[in-house]
Amino acid sequence: MIVLLTGDDQHAIQEQLNQYKAEIDSQWLTLCYHQFPADHLDRAISVARTRSLTGGKKLVIVENCHLKQWGDTELETLQQLVQVPEFTILVFVATNVDKRLKIYKHIVKYAKLFEFLLIPPWRADLIEKAIATQAKKIKLVLSKDAVEYLAEAIGNDMTRAATELRKLYIYGNGRQLELAEVKELVSCQTQNSLQLASAIRQGESNQVLHLLDDLLSRSEPLMVIIATLLTQFRTWLWVKSAIASEVKKDSELAQLCSISNPNRIYYLRQEVANTSINALAKAVTMMLDLEMSVKRGADSGAVASHRASSKDLLLIILSVSRLFKLT
């Protein structure tokens, strides 16, 4: 069996890998469990092609395969996928892949594709459902408001969710845990880029400083912060523009603004109700300029450039926040 695992939900990908590993006889793991970096593809394929010495299953994992690092030589190596035995589980793991690549098209001729994407941070309902499902799996009993709090406190970080739920399971020892107990044991660390975007839009400079300081202290990558802010402000701009153009139906708004879930429109309408189109447009322009500036700094690879980018981020975000304070 050949598998391609992609997506940004590292917890879900690891869970899938653990399932494959569990299929290997534990006493033969040394002989039947192999991990290779992407630049050792030829070795990984060679091992995958050989039958297990034990006569059972063999697991071969090739990590960090974004596929762009592979060229014609690797494509030739991958012609051997047809020779992988039935009882070998060959897994390619990639955070993201370009589906236009010849390498990708060749792999998926033979591989099952599984995509594991993080739940969008704004989908509290799906986060609550995921946490409730994880809790049920380990037989942890939580009250409804405790689940709601965990969704708020943890956000879409399913790796942290798994850790916190195991801790609560040990503490609860089989009994139902209520909100007050869960609050004592699990701190709320969801100061995230979406909250930062909301604080900027509301012109709350003090809150902006607090949230940004928290994100940077937790080593949140600058490009991740900026990308989230840019996506959020573009969405607000599109929605505000569509409303100004007298688009009435939520379904039409969702289609025009490339929003997959029309139910989100209700909240977006409220968020942009008292917001200026001009301020949103200026905010998007300023963040695009910031994104380019940070990318140039990242390309230089210098520590000094990173510090300068952090300073630029702070100055521009405060400037954007002031746009909305004036409206």
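**Close-up views of a predicted model**

At 31% relative accessibility, Glu148 counts as partly exposed, a class that lies between buried (under 20% relative accessible area) and exposed (over 50%), computed with a 1.4 Å probe and protein chains only. The model is predicted, so that local features need pLDDT of at least 70 and side-chain atom pairs count only at pLDDT 80 or more, whereas totals for chains, interfaces and linings use all residues. Residues are numbered from 1 along each chain as its sequence is written, and side-chain values use heavy atoms, with hydrogens and water left out.

View A. Glu148 forms a salt bridge with Lys144, their closest N and O atoms being 2.6 Å apart; the term stands for a side-chain nitrogen of Lys or Arg within 4 Å of a carboxyl oxygen of Asp or Glu. Both residues lie in helix α7, 4 residues apart, about one turn of the helix, where helices are DSSP runs (H or I, at least four residues) numbered from the N terminus. Lys144 counts as exposed, at 62% relative accessibility.

**View B. The buried residues of α7 and their surroundings.** In helix α7 (residues 144–154), the buried residues are Ala146, Val147, Tyr149, Leu150, Ala151, Ala153 and Ile154. They pack against α6 (124–137), α8 (158–172) and α9 (179–185). After α7 comes Gly155, whose phi is positive, near 70 degrees.

View C. Glu164 and Lys167, which both lie in helix α8, 3 residues apart, form a salt bridge whose closest N and O atoms are 2.8 Å apart. Glu164 is buried, with a relative accessible area of 10%, whereas Lys167 is partly exposed, at 36%. Together with Arg160, Glu164 and Lys167 are linked in a network of salt bridges. A further salt bridge joins the side chains of Glu181 and Arg175 (2.7 Å, N to O); Glu181 counts as buried at 19% relative accessibility, and Arg175 as partly exposed at 39%.

View D. His11, found in helix α1 (residues 10–22), is buried, with a relative accessible area of 14%. Leaving aside neighbours within four places in sequence, His11 is in contact (heavy atoms within 4.5 Å) with Gln134, Met158, Thr159 and Ala162.

**View E. The largest nonpolar core.** A nonpolar core is a set of buried Ala, Val, Leu, Ile, Met, Phe, Trp, Tyr and Cys residues joined through side-chain atoms within 4.5 Å, and the largest one here has 39 residues, those with the most contacts inside it being Leu196, Ile200, Leu229, Phe233, Leu313, Ile317 and Phe324. Among the elements that give two or more residues to this core are α10 (193–201), α11 (205–217) and α16 (303–325), while α12 gives the most, with 10 residues. Ile317 touches Leu196, Ile200, Val208, Leu212 and Leu229, not counting residues up to four places away in sequence. Apart from this core lies another, of 26 residues, among them Ile2, Phe36, Ile107 and Ala111.

View F. Leu31 is found in helix α2 (residues 29–32) and counts as partly exposed, at 40% relative accessibility.
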